[in-house]
Amino acid sequence: MIKRMLTNFKKYSFLMSQLISRDFKVKYKRSVLGILWSLLNPLLTMTVMTIVFSQMFKFQVEGVNYIVYLMTGIIMFNYFNGASSAAMTSVVENFSLINKVYIPKYIFPISKCLFVGIDFLLTLIPWLIIILLTYFGLGDHICQININYILLPYIFLCLFLFAAGMGLLLSCISVFLRDIFHIYGIIITLWNYLTPVFYSIEILPDFLQKLMKFNPLYQFINCARSIVLYGQAPNLTHLVIIGIMGFGMFTIGGLVFKSKQDKFIYYI
């Protein structure tokens, strides 16, 4: 299945690029700052959330730079949220195009994940700038930069595969059940609070800390934080776990999508 998908991606690469280009044009249409919002948005969000959680609610994480801790969780969770939500609506939004010509239908959710992924890569620029600024007194702790950073692309790839798999699954469900658009909004809000984006897992009871290990987003975020906050490579077990979660979700989403895509035409 994966080999066939890669072949189709090459065959329909022009269409993929046009879909991504269209999304960029729509997103930044009549915007003065345009793509700069991809850089400013995480900085502004991080500033607001840092003030709220560190100053008003007094959240801190012992021994690490809380600003980087918070921003790492924000940008990774926001990518998953944005990619899976955009992919969920992609098939329904493109029914008119699907009806006219033959196109592998999974092109649409995958293109959405790639589009949001480009935005994600842009947000890494201010994230890295914040990490560098810790050497000049930003926050109470310095973030170490070392060879372990070469593991970050693997972590981000696993996150992309997990988001793409979820997007494939949700886009398939949305064809048959439009209520999923509203249901998923509630699910993702709950998922956000159940993931230690702005708080430390240490404040949770022991049984919740054990349950947190089954939260895929916690695993992805925790692996990235191990590198940027502690200067340590995640252990091999954790790297294998996030690989299984990423490839596993992508496989499940792809198989479900493939098994149901021929029935989409009856639900337009």
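Author: Let me begin with the residue classes: Ala, Val, Leu, Ile, Met, Phe, Trp, Tyr, Cys and Pro count as nonpolar, Asp, Glu, Lys and Arg as charged, and the others, Gly among them, as polar. The model is a predicted one, and by these classes the lining of its second largest pocket has 7 nonpolar, 6 polar and 5 charged residues.

Reader: What makes up the largest share of the lining of the second largest pocket?

Author: The largest share comes from α10, which contributes 7 residues. The pocket itself has a volume of about 330 Å³, and among the 18 residues that line this pocket, those closest to its centre are Ser 200, Ile 201, Glu 202, Tyr 218 and Asn 222.

Reader: Why is Cys 158 called buried?

Author: Buried means under 20% relative accessible area, and Cys 158 has 0% relative accessibility, so the label applies. Cys 223 is likewise called buried because its relative accessible area is 1%.

Reader: How do you know that Cys 158 is in no disulfide?

Author: A disulfide needs a pair of cysteine sulfur atoms within 2.5 Å, whereas the cysteine sulfur nearest to that of Cys 158 belongs to Cys 223 and is 8.5 Å away. A search of the whole structure finds 0 disulfides.

Reader: Which residues have the most contacts inside the largest nonpolar core?

Author: They are Met 76, Tyr 79, Phe 80, Trp 127, Leu 152 and Phe 220, in a core of 81 residues, to which α4 gives the most, with 17 residues. Leaving aside neighbours within four places in sequence, Met 76 is in contact with residues including Phe 120, Phe 156 and Phe 220.

Definitions and conventions: Residues numbered from 1 in each chain as written. Predicted model: local features only at pLDDT ≥ 70, side-chain atom pairs only at ≥ 80, totals over all residues. Heavy atoms only, no water. 1 Å grid on protein atoms, 1.4 Å probe; cavity = no way out; pocket = protein on both sides within 12 Å on 5 of 7 lines; lining within 4 Å. Points joined across faces, edges and corners; volume = space filled by probe spheres on them. Helix = DSSP H or I, 4+ residues; strand = E, 2+ residues; numbered from the N terminus. Core = buried A, V, L, I, M, F, W, Y, C linked by side-chain atoms within 4.5 Å. Buried < 20%, exposed > 50% of the residue type's maximum accessible area, 1.4 Å probe, protein only. Contact = heavy atoms within 4.5 Å.
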